[in-house]
Amino acid sequence: MLRFAPSPTGNMHIGNVRAALLNFIIARQLQRPLMVRIEDTDEARNIPHKDQEILELLSAIGISWDQLVYQSANLPTHLEYAQKLLDHGLAFYCHCTPEFLEEQKQRALQEKRPFRYHDTWALLQKQSNPHPVVRLRGSAHALQFADQIKGTIRFEPHELDSFVILRANKAPTYNFACACDDFTYQISYIIRGEDHVSNTPKQILIQQALAKVLEVKCPEITYAHLPLILNYETGKKMSKRDAASSVSWLLQQGFLPQSVANYLITLGYSPPKEIFSLQESCAWFDINKLSASSARFDLAYLRHLNHRHLQNLELSELQTLLKLDHPQKAQLAKLFLEDSSTLCELQSKLTLMFSPKDITCDYEGENFYDRCATLYQALQTLCLEELADFQAFKQAAMQASQLKGKDFFKSLRILLTGQAHGIELGLLYPFVRTFASEILTLKDPHGC
């Protein structure tokens, strides 16, 4: 079984969704079940309803799962496992206060040596601190594991000192809850970000200890730690300060879920074709060919991919996404794709076209009020039903308004689209005829 384990403490980062996508792909390729495990044990940081937002986002991206688990429901099992480790001497109570440990850390810093916990400290403050934590005993031997992306990763004994598995309030630490659940549900393949590499030896030690006390075989897990995603311009790790790091923000900006999935799968990977669906990628994706180097997130390239995916949409799909009340408006939206890359940009152009035009605004620093007002009055005298093509309409409008050249064409574009630039007016004319009563309106027609 594979698992994707998000925490309901913040927005889904593109790194999270990338991991979810690859877990989904590998699960389908290996024909193994995929679990979504909501890691909600940190009650103080959990955000109400964030779990549902995560699940809805995964569904929107195209990710389905075979089992849904809330980690908090497994707390009794975590405590049971911890007690077994204590009973068998593989874990112990530590009465060190935070102040004592901080003092030791500062001393190590002053002496320019790494801070390491010593098991001999465990009982030094037993009388003054009646609320101990529980630590798993460290390892006297080096530990290494094979990573499908990064190769063999090794940790020396001095890096494997005893660590906390239960806090003083008996709450399990992240590593303990995670390792216990992976052990319980027999997770055999773990794909996650490389920021979890340092957690892996602790989780392996926990599982080895559990296997020993429960007298079962320690699970064999395949690991794949995904490289970081960097900001394209700065070359630094994408953080919460980068708006584009939030998948919710990307969707709100009008990027299609399938475009986001398409792009995240290509990060650090050379796909056989540029545009593809999540289902198609399951046929050819090879995690062994994923680059071990960090990938840069290029919003401009995502815009390009999104433009391509928008072009591939059926008219009915586009009408639904844009919440249009007429199928011909979806055809119009297809025209606006010439210079639009997101749903929001399309919606903006449609809104401008079907809203009363404000001809009092300056367009490119020039006031077109008089010309637009003159042309608007002229257009009211025309019967568009009798003017079947744009050439006939143009000649009639020029004659009625006595405008020509830039004065005519830019004024006409402003009246039809609310913008000074855009696609050819001749292409728009069939829609103007159909929706003239909605398009040819002014914010203040009485001021003309």
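1. Start with helix α12, residues 327–336 of this predicted model. Lys 329, Ala 330, Leu 332, Ala 333 and Phe 336 are its buried residues to look at. They span an arc of only 155° around the axis, which puts them on the same side of α12. The cover over these buried residues includes α11 (315–322), α13 (343–353), α17 (425–434) and α18 (436–439).

2. Now for the aromatics. Searching the whole structure turns up 16 aromatic pairs. One of them is Phe 92 with Tyr 117, a stacked pair at 6.4 Å centre to centre with 25° between the planes. Phe 92 sits in strand β4 (residues 91–94) and Tyr 117 in the loop between α4 (98–110) and β5 (133–136), so this pair ties together parts that are 25 residues apart in sequence. Both Phe 92 and Tyr 117 are buried.

3. Together with Phe 92, Phe 100, Phe 115 and Trp 121, Tyr 117 makes up one aromatic cluster. Arg 135 lies over the face of Tyr 117, 3.7 Å from the ring centre.

4. Phe 408 is buried, at 0% relative accessible area, while Phe 409 is partly exposed, at 31% relative accessibility.

Terms used: Residues numbered from 1 in each chain as written. Predicted model: local features only at pLDDT ≥ 70, side-chain atom pairs only at ≥ 80, totals over all residues. Heavy atoms only, no water. Buried < 20%, exposed > 50% of the residue type's maximum accessible area, 1.4 Å probe, protein only. Helix = DSSP H or I, 4+ residues; strand = E, 2+ residues; numbered from the N terminus. Arc of directions from axis to C-beta. Contact = heavy atoms within 4.5 Å. Phe/Tyr/Trp six-rings, centres within 6.5 Å; stacked < 30°, edge-to-face > 60°. Lys NZ or Arg CZ within 6 Å of the ring centre and 35° of its normal.
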